[in-house]
Amino acid sequence: MNTHPTGPPTMRESLLDVLGRKIFVAETGDGPPVLLLHGGGPGASGVSNYARNIAELAERHRVIVPDLPGYGRSSKGVDGTDPFGYLASHVRGLLDELGLDKAHLVGNSYGGACALRLALDTPDRVDRMVLMGPGGIGTTRALPTPGLNSLLNYYSGSGPSRLKLEKFIRTYLVFNAADVPDSVIDARYQASVDPEVIAAPPLRRPSGPNALRTLWRTDFTRDRRLSRLPVPTLVLWGAADKVNRPSGGRMLADRMPNCDLYEVANTGHWVQFERAELFNRLCADFLAGRR
């Protein structure tokens, strides 16, 4: 039986002004700074996404866990014409507010896309980067997966419900449905039905006259800068990921000059949660330059 670390330690909390928006941040630990950027599923937030990782990473790092714009206790709303650029700009602004010239970035899914965009735009601000099933990889080269469709349809049709969220999490997000406690689903559902979030869902299908341009700019495999990105990167991808195709890992490894790829067996989209002990060990070693 797998054992998991207990929840995150007591953290310092703040609400910072970043580019005219409020960004909630939780911090703990000392050492080289590392930002943990969460995924974009309904009701996601930073600390909940990394509950099984924060304590161990904080043994050697200053761990900084924001709620991305549109989520948790941060301001709601995201620029749908360039969502990854919008997120990256605000995370870069957060680094400025914290007085950090450079930091490690760890990003899951939506947060991985944010990290990668920030690194492409300003590689000098990123020390090392860990990506877990990042979004925006080969998205214009195949139809959306069933898992991604489930995520994108959460606020459409009949609207959000606990049943829809539970189906997304237990059917598509993880390999072993029993690994996710009911309490996690309950908390995420309550966060997902915040009236401000319902009014402006942070993750949605591109639409309108600029939809094609948006689709193109959110597929990093179309970005020529990827082949020149100097940032040392570790890509972790669940072999059973039903949200973002595991083939995306090979796409990144083939294009990025400093990319290690680790495909994790019997694991879905949530590597840092499903395989916490393995993730914590690989991540700590990589950020310390031991890989």
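Strand β5 and strand β6 (residues 126-132) run parallel and are joined by five bridges. Within this pairing, Leu-105 stands opposite Met-129 in β6. The model is a predicted one. Strand β5 also pairs with strand β3 (residues 33-37), again in the parallel sense, over four bridges. Here Val-106 of β5 is the bridge partner of Leu-36.

How many of the six residues of strand β5 (residues 103-108) are buried? Six of the six are, so the strand is largely enclosed by the rest of the structure. In a regular strand, side chains alternate between the two faces of the sheet. In β5, Ala-103, Leu-105 and Gly-107 point one way, while His-104, Val-106 and Asn-108 point the other way; all are buried.

The loop between β5 and α4 contains Ser-109. Most residues other than glycine have a negative phi. Ser-109 has a positive phi, near 60 degrees, and is not a glycine. With a relative accessibility of 10%, Ser-109 counts as buried because the cut-off for that class is under 20%. A positive phi is also found at Asn-266, at about 55 degrees, and this residue is not a glycine either. Asn-266 is placed in the loop between β8 (259-264) and α11 (271-274). Is Asn-266 buried or exposed? At 54% relative accessibility it counts as exposed, because that class begins over 50%.

The aromatic side chains come next. Rings count as a pair if their centres lie within 6.5 Å, and by this rule there are five aromatic pairs. One of them is formed by Tyr-71 and Tyr-110, in an edge-to-face arrangement with 6.0 Å centre to centre and 65 degrees between the planes. This pair links distant parts of the chain: Tyr-71 is in the loop between β4 (62-66) and α3 (83-97), Tyr-110 is in helix α4 (residues 110-121), and the two are 39 residues apart. Both Tyr-71 and Tyr-110 are buried. Another edge-to-face pair is that of Tyr-154 and Tyr-155, at 4.8 Å centre to centre and with 85 degrees between the planes. Tyr-154 has a relative accessibility of 1% and therefore counts as buried.

Which residues do ring pairs link into a cluster? They are Tyr-71, Phe-84, Tyr-110 and Phe-220. Rings also take part in arrangements with charged groups. The charged end of Arg-52 sits over the ring of Phe-273, at 3.7 Å from the ring centre.

The whole protein can now be considered. It has 12 helices and eight strands. Its C-alpha atoms fill a box of roughly 50 × 40 × 40 Å along the principal axes. For 291 residues, a compact globule would have a radius of gyration near 19 Å; the 17 Å of this protein agrees with that. Of the 291 residues, 55% count as buried. Among contacts with a separation of 6 or more, 74% are between residues 24 or more positions apart. The accessible surface comes to about 12300 Å², and carbon and sulfur atoms account for 51% of it.

Key
Residues are numbered from 1 along each chain as its sequence is written. This is a predicted model: local features need pLDDT of at least 70, side-chain atom pairs count only at pLDDT 80 or more; totals for chains, interfaces and linings use all residues. Side-chain values use heavy atoms; hydrogens and water are left out. Rings of Phe, Tyr and Trp (its six-membered ring) pair if their centres lie within 6.5 Å; planes under 30 degrees apart count as stacked, over 60 as edge-to-face and the rest as tilted. Buried means under 20% relative accessible area, exposed over 50%, partly exposed in between (1.4 Å probe, protein chains only). A charge sits over a ring if NZ of Lys or CZ of Arg is within 6 Å of the ring centre and within 35 degrees of the ring normal. The radius of gyration is taken over C-alpha atoms; the globule rule is 2.2 Å times the number of residues to the power 0.38. Contact means heavy atoms within 4.5 Å. Accessible areas come from the Shrake-Rupley method with a 1.4 Å probe; for residues, only the protein chains shown count as cover. Two strands pair if DSSP finds at least two bridges between them.
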